[in-house]
Amino acid sequence: MLSEKMNDALNVQANRELYSSYLYLSMSYHFESVNMKGFAHWMRLQAGEELVHTMKMLDYVAGKGGKARMLAVEAPRFTWDSPLQAFQHVWDHERVVTGLIKTLVKVAEEELDEETTEFLQWYIKEQVEEEESSDSVLSKVKAAGNDKGALEAADRLLGQRSFRFPRGFEIFPK
Ligand code: FEO
């Protein structure tokens, strides 16, 4: 059984994961609007991943007999000046999320909740991957600078990204 404090903290984090999905979906439609289809595709898949993170956390809460609550989702911004600005935003955002997950682990430890501490290790590992992948794209975009050809090449590369939704989370394939 989850403590009330743990239940609330997990619901708040699920909300931040859903906000991440919303933010990346906003970036995806922004890139669609400026005809950068590869960047848009990458962001769309990222939005899907974040929805999986949201549901995995809420499934855990519900599976422990807790209360999965849908909290209000903040509206993200909807335009960026350049791919560099957008991917800098992704990188900064993921660093913030990593900090939030670490704080959540501390709450689980303080609550002497070993099962939740263990459950959150998946998110710790996932954040390492998320930071690596956003850093890798950010480096490419930085290297491209204002070179139109290099940005188009980066756009084509990102358009090749694939992601398989885990079993039980098969949602909005395109
Ligand atoms: Fe689920 Fe990118 O944090």
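Two residues are in contact when heavy atoms of theirs lie within 4.5 Å. The exercises below use this term for a predicted model.

**Exercise 1.** Determine whether H30 counts as buried or exposed, and find which residues it is in contact with beyond its neighbours within four places in sequence.

*Solution.* Begin by locating H30, which has its place in helix α1, spanning residues 4-33. Next, take the relative accessibility of H30, which is 8%; since buried means under 20%, H30 counts as buried. Then, leaving aside the neighbours within four places in sequence, list the contacts of H30, which are F78, T79 and W80. Finally, look at W80 in detail, where the backbone oxygen lies 3.3 Å from a polar atom of the H30 side chain.

**Exercise 2.** Work out why the buried residues of α6 line one face of the helix, and which helices they pack against.

*Solution.* First identify the buried residues of helix α6 (residues 148-158), namely L151, A154, D155 and L158. Viewed down the axis of α6, these residues fall within an arc of 100 degrees, and therefore they line one face of the helix. In general, an α-helix has 3.6 residues a turn, so residues three or four places apart point the same way.

Key
Residues are numbered from 1 along each chain as its sequence is written. This is a predicted model: local features need pLDDT of at least 70, side-chain atom pairs count only at pLDDT 80 or more; totals for chains, interfaces and linings use all residues. Side-chain values use heavy atoms; hydrogens and water are left out. Helices (H or I, at least four residues) and strands (E, at least two) are DSSP runs, numbered from the N terminus. Buried means under 20% relative accessible area, exposed over 50%, partly exposed in between (1.4 Å probe, protein chains only). A polar contact is a pair of N or O atoms within 3.5 Å; within protein, one must be able to donate a hydrogen and the other to accept it, and residues adjacent in sequence count only if both atoms are side-chain atoms. The arc is that of the directions from the helix axis to the C-beta atoms.
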